[in-house]
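Colleague: I would like to learn how to read the packing of helices and strands in a model. Please take me through it step by step.

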Amino acid sequence: MRAMVLEKTGPASKASLHGSDVPEPAPGPGEILVKVCACGVCRTDLHTVEGDLPLPHLPLTPGHQVVGTVKSLGEGVERFLEGDRVGVAWLNETCGRCRFCLSGMENLCESARFTGYHRDGGYAEALIVPADFAYSIPEGFPDVQAAPLLCAGIIGYRALKISGIEPGGRLGLFGFGASAHVAIQIAEYWGCDVYAFSRGEAHRRLAEELGAKWTGKTEETPPVKFDAAVVFAPAGEVVLRALEALDRGGTAALAGIHMSSIPAMDYERHLFYEKTLRSVTAATRKDGQELMDLAPEIPIRTEVATFPLSAANTALMDLKGGRINGAGVLVV
């Protein structure tokens with residue numbers, strides 16, 4: 001089968017991924033083999049390729065926003081049938097026994113394994129996933145529109161939960177890429193007033209189209225204080241801007257897997273008055289299922305730019321350069 005393989009980390013501009021013919025994997029007990037139809041292009045993939053994250057092994061095939069069909073079943077799989085349409089997300093496997101798994105926080109499992117990081121991912125014609133960690137995809141979402149829900153959507157949804165935003169509250173979104181353009185639709189559905197920050201004019205226009213009450217650049221001062229904020233931009237200085245924009249008692253949730261260094265805080269200006277700063281670490285299957293149930297109810301509309309599998313390097317460069325409005329998706 002064909003796959004885009006990372007053999008050595010480096011700048012996306014250097015085309016670090018190489019098209020390769022690799023053996024098609026066989027599903028083990030409890031696993032399914034998924035024929036990939038579409039795979040979202042995530043900023044985590046960019047961090048993986050460029051070496052911002054410590055990688056457990058190389059070579060590696062990235063990609064963890066996968067929509068495809070079940071090609072074959074491993075021993076003991078009863079949840080899916082061959083031909084079923086499924087989704088594969090970042091969380092690939094957990095131990096199921098530790099205190100985190102047993103308390104509903106499996107995203108913090110110390111033995112967790114992730115798609116496109118520990119195990120080869122969806123920048124390929126097929127991949128393996130434990131059946132218990134695959135999702136049924138809601139009807140009404142074509143493959144390329146469904147793919148961004150598997151990470152951008154799930155992480156955006158969990159970030160909103162972590163931020164504590166209540167229906168009708170004032171929410172700031174800092175950075176307006178794939179995840180934020182899903183999160184704003186959920187927040188709007190909850191009746192929140194959303195204020196969106198982005199360096200890109202096209203991204204701000206999309207935020208306005210999706211219902212933002214106000215948009216501006218990160219350095220601009222919004223007209224109100226926020227009850228909650230979510231930082232999607234992987235820039236530490238943006239964290240201070242978000243904290244400064246919070247009202248008393250507000251929470252800022254950091255939704256990225258990687259962040260540049262956060263500058264020194266001024267206690268009274270950024271953190272006093274019982275403000276809270278929280279990070280978002282992966283997501284649970286419960287988060288994912290809640291989003292899959294909610295997506296057709298809203299319904300969520302994903303804005304996508306499509307690329308062939310062979311153009312994965314171009315997609316990553318466009319993502320890094322802010323040239324993708326919404327989400328990038330590889331069509332396999």
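Colleague: In which sense do strand 11 and strand 12 pair, and over how many bridges?

Modeller: This is a predicted model, where local features need pLDDT of at least 70, side-chain atom pairs count only at pLDDT 80 or more, and totals for chains, interfaces and linings use all residues. Residues are numbered from 1 along each chain as its sequence is written, and side-chain values use heavy atoms, leaving out hydrogens and water. Strands (E, at least two residues) and helices (H or I, at least four) are DSSP runs numbered from the N terminus, and two strands pair if DSSP finds at least two bridges between them. Strand 11 (residues 193–197) pairs with strand 12 in the parallel sense, over 3 bridges. Ala-196 stands opposite Thr-215 in strand 12.

Colleague: What is the strand order of the open sheet?

Modeller: The order is 12-11-10-13-14-15, 6 strands with parallel pairing. Strand 12 (214–216) and strand 15 (276–279) are at the edges with a single partner strand each, so one side of each has no neighbour in the sheet.

Colleague: At what angle do helix 4 and helix 5 pack?

Modeller: Two packed helices are described by the angle between their axes and the distance between the axes. Axes are lines fitted to C-alpha atoms, for helices over the stretch in contact (heavy atoms within 4.5 Å), and angles run from 0 to 180 degrees between N-to-C directions. Helix 4 (residues 152–163) and helix 5 (residues 178–189) pack at about 55°, their axes 8 Å apart. Residues in the contact include Gly-156 of helix 4 and Ala-183 of helix 5.
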